[in-house]
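Please keep the sequence and the structure in view while reading.

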Amino acid sequence: GDGTIKGRCQTFVSYGLSLTSLLLCLLTIIASVYSVTNDIEQKQIYITLTKPVRRHQYLLGKLLGIMLLNIVLLVLFCAGIYFITTAIPGFFKSSQEELSSLANEFFTARRGLTPAEPDVSAEVRETYNRLEKTGRLPPEVLTDPAVRKDYISALASQLKYSKYSAAVGHDLMWDFYDVKPLDPNQKLFVRFKYQVAVNPPDLQVYGKWIVGDYRALQAGTVPQTPIYAFDRKDAVRTFYEIEVPSDAVADDGFLGVAFLNTTQNNTVVIFTPPDGIELLYKADTFTANFIRAAFLIFLRLFFLGCLSLFAATFLSFPVAILLCVAIFSIATISNFVVMSFDYLSENISTIYSYTARPLMKLLPEFDIYNPTKFLVQGRLLSWQVLAKAAASIVCFKGLLLLVFSLVIFKYKEIAKITV
């Protein structure tokens, strides 16, 4: 960690849950494959299948046994990690500021809201038509549809970029809706990072922030909720958070955030998406978030159990292990792999789009649904995200493998009759 109490807790949870997940994943693969292949190789399966036990019952029983073992071990490991994590602050002498940062940024489950992407389609059309009428468009844009498409796309990017930039003496405003803090007495946090067109001499940016329901001021009426102003000086390219009382949120869940690039600066200030500006507020507890993180680990264990049984129905022990470990390894970076191939497919050929891409999409997205990503940053792992992960990893991909394994095993030749 960074030496702070928050850094120690983040490091312990990150390594603890990652190691727990890795060990249980490997245990699931090895135990599932071994239990089936060893029964076949040692001919112990003959004893089982000669009894009134159908083949699908045999496989489902194997899966159930492995999952029950996983549940017991997962509960034990996660309980140990949880209680040690909550006890860590008592082992170190920390300042009140560090403890406050720990409570607000780690022992919490904060929902993050980002501003909606600006719609610049009308401005793009207007700008393009104006350039066309004045004859300032390059000749190839008018004659080549592909070049025209790229030109319009670049124009849209340029206009969007201007929406995230504030020149000296100008301001930016962001509207956030459906803001629902868990406790109205707790703080909200405006998280931001400055990017600049030209580095200031001291790498510091002066800014005036206004947070609240400024719709009343725009309408010329008296605001019903407090509006808070903050004068700040912060370093560029570094994340900072502004604490704001929850009473700034309007009754309908609206909260406005405005930034003024003061005349003390001599550069354009830029808030590059997606992490340029974000509103954070506590939406649940650390305990509930931790429990959902444990469920997320169980989902990957269930998938690997189904995958292992699938491989064990038609492969030998070492080959099945190799296949499962390879798929598990790729699944941990599946999103990166898909994005990399997407980039290559656009610049090299379209063959990938019709061959490997559908197979890559069948891999579970373990890197996207990584529990430590949520817990270490104190971000909310909602039930909606958990349900989406369950639908993708378990209900579709896991059960699909389980059905294939049942079909293969049903018609698998276990023994030959010789005369």
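Leaving aside residues up to four places away in sequence, Phe310 touches Leu401, Phe404, Ser405 and Ile408, where contact means heavy atoms within 4.5 Å. The model is a predicted one, in which local features need pLDDT of at least 70 and side-chain atom pairs count only at pLDDT 80 or more, while totals for chains, interfaces and linings use all residues. Residues are numbered from 1 along each chain as its sequence is written, and side-chain values use heavy atoms, with hydrogens and water left out.

Phe310 belongs to helix α9; helices here are DSSP runs (H or I, at least four residues), numbered from the N terminus. Phe310 has a relative accessibility of 16% and therefore counts as buried, a term for residues under 20% relative accessible area, with a 1.4 Å probe and protein chains only. Although Phe310 and Leu401 are 91 residues apart along the chain, their C-alpha atoms are separated by 6.2 Å.

Axes are lines fitted to C-alpha atoms over the stretch in contact, and angles run from 0 to 180 degrees between N-to-C directions.

| Pair | Axes | Angle |
|---|---|---|
| α9 (residues 286-312) and α15 (residues 383-410) | within 8 Å | roughly 15° |
| α3 and α9 | 10 Å apart | about 150° |

Helices α9 and α15 are therefore roughly parallel to each other, whereas α3 is roughly antiparallel to α9; the cut-offs are under 35 degrees for roughly parallel and over 145 for roughly antiparallel. The crossing of α9 and α15 is left-handed, that is, the near helix is turned anticlockwise from the far one by less than a right angle, while clockwise is right-handed. The crossing of α3 and α9 is right-handed.

Residues of α3 that meet α9 include Leu63, Met67 and Leu74, and their counterparts in α9 include Phe290, Ile297 and Leu301. By class, this contact of α3 with α9 has 17 nonpolar, 4 polar and 1 charged residues. Here Ala, Val, Leu, Ile, Met, Phe, Trp, Tyr, Cys and Pro count as nonpolar, Asp, Glu, Lys and Arg as charged, and the others, Gly among them, as polar.

Key:
Helix = DSSP H or I, 4+ residues; strand = E, 2+ residues; numbered from the N terminus. Parallel < 35°, antiparallel > 145°, perpendicular 65-115°, else oblique. Buried < 20%, exposed > 50% of the residue type's maximum accessible area, 1.4 Å probe, protein only.
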